[in-house]
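Subject: Structure handover, salt bridges

Hello,

Here is the structure you are taking over. Please keep it open while you read the notes under it.

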Amino acid sequence: MTLGWRLFMLAVLLPVLPILYVMLRDECEPKKNIIVGVTLPYAAQSDSVVRGLLEQYKREMRLACWAMLAAAIPNLLFSGFGSFLTYWLVWVVALCVVPFIPYIRCNKALRQLKEARGWKRAPDAPQAVADLQAAAQEMRWLSPWWFLPPLAASLAPLAFDWTMWPLWLADALIVPVCWLCYRCLYRNRTEVVDGDSHRTMALTRVRRYNWGKFWLTMAWATGFFNIGMWLTIGHVWLCMGVILLYGVVICTEAVGIELRVRRLQEKLTADCGAEYVDEDDRWIWGMFYYNPNDSRMMVNARVGINATFNLAKRPAQIIALFLVALLLACPLFGVWMMGMERAPVELAVTETEVTGTHYTDQWSIAREDIAAIEVITDLPRLRRVAGTGMDSALTGQFNGDGWGRLTLCIDPRQGPWLLIEKTDGTLFLFGGSQEGAAAAAAERLR
């Protein structure tokens with residue numbers, strides 16, 4: 001694996017760390033009377049003990065993020081793609097845990113202080129009144145027609161390159177998902193801070209309007225992303241640049257909108273008095289919502305961006321467990337890639353067909369479908385379209401200078417290689433990790 005690829009992966013994954021730091025550090029600023037997941041009266045927000053706990057939280061957060069940054073650097077020393085990827089995936093799992101340890105510590109300390117100072121309030125009637133009045137307000141939804149042009153743009157590559165249809169279709173499905181998220185995630189959800197229904201409706205409108213812009217922006221960005229992928233699919237670094245740009249746009253927009261919403265909500269709740277809604281007992285560590293009396297499966301998240309599950313609901317528990325299991329299983333994909341990296345490329349000829357095999361992938365050509373064969377000693381410039389591009393194996397769809405689109409199953413370190421043209425004009429390039437595999441296969445075919 002080249003240094004360029006390692007640096008590219010570093011550029012893609014490492015920015016997640018400062019984004020997470022900014023989001024978690026911003027939890028020190030009050031949003032709807034909530035600081036680090038704990039509801040506090042307005043007067044308590046300037047308490048010296050509270051400020052001291054927040055300063056300690058910031059120091060611990062900086063230390064945790066510096067530790068994660070230091071842990072990312074050794075990955076540049078790995079030369080194999082499988083080991084490199086495994087390390088990164090373990091790092092990502094750790095990133096989902098380590099920075100939140102200071103948050104949990106501060107949340108528990110603030111809740112203990114709140115209990116000792118008598119700041120805790122029980123959920124009361126005005127909350128239900130505010131919810132009902134705010135939920136009854138008519139929401140002006142964006143027309144679905146705004147999502148139709150990016151959907152058409154996402155599907156456009158299908159008309160020009162059908163061989164990559166799973167990729168184009170999967171990307172295009174993001175657009176209707178954006179519309180569904182826009183319509184469903186905010187249905188009958190309100191931002192309650194006290195018994196003032198007008199304030200609740202204003203807070204709710206702020207979040208719905210701004211996040212509506214995000215889902216629309218993401219839909220349009222996805223349309224341009226699919227077109228960009230189609231135009232650069234044969235040029236690896238340009239394609240990687242398109243992917244990186246898409247990720248930057250989505251992350252920047254999401255973080256920017258969430259911070260903007262928090263600042264606006266902070267202004268709207270700055271004059272809250274002694275009457276305020278306290279739901280802290282329904283939030284585990286200020287992050288995980290558990291309320292059997294709430295019929296909603298999704299609510300606004302107290303930490304992070306957008307929404308979270310009500311873990312008192314069985315469907316939410318199943319989804320959450322699945323997501324946790326998926327996250328913990330991610331390093332296994334790196335282990336699987338390590339096995340692929342070490343697996344030999346095999347070329348076999350039988351009485352009826354020619355077969356190229358690598359790990360779990362296999363390509364077969366019936367001998368009666370072969371129009372011509374040629375043993376080549378020099379590889380042209382190859383650009384991957386879809387498949388595996390390792391130092392030890394090139395498999396899948398590639399574009400070759402002078403050849404166009406062809407299917408590869410070769411070990412690029414071990415030549416020569418066998419070029420096969422089928423009767424329908426399609427090209428295959430086979431080889432093996434064993435010396436002389438291609439020449440022996442060509443001899444049998446002749």
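Predicted model: local features only at pLDDT ≥ 70, side-chain atom pairs only at ≥ 80, totals over all residues.

Residues are numbered from 1 along each chain as its sequence is written, and side-chain values use heavy atoms, with hydrogens and water left out.

Side chains of opposite charge can pair when their charged atoms come close. A salt bridge here is a side-chain nitrogen of Lys or Arg within 4 Å of a carboxyl oxygen of Asp or Glu. That rule gives 8 salt bridges; three of them are described here.

One of them joins D281 and R111, with the closest N and O atoms 3.3 Å apart. D281 lies in the loop between helix 11 (236–268) and strand 3 (283–284) and R111 in helix 5 (residues 100–117), so the pair ties together parts 170 residues apart in sequence. Helices (H or I, at least four residues) and strands (E, at least two) are DSSP runs, numbered from the N terminus. D281 is exposed, at 53% relative accessible area, and R111 is partly exposed, at 27%. Buried means under 20%, exposed over 50%, and partly exposed in between (1.4 Å probe, protein chains only).

E351 and R444 form another salt bridge, at 3.8 Å from N to O. This pair links distant parts of the chain, 93 residues apart. E351 is exposed at 66%, and R444 is partly exposed at 45%.

D401 pairs with R383 at 2.9 Å. D401 is partly exposed at 36%, whereas R383 is buried at 16%.

Regards
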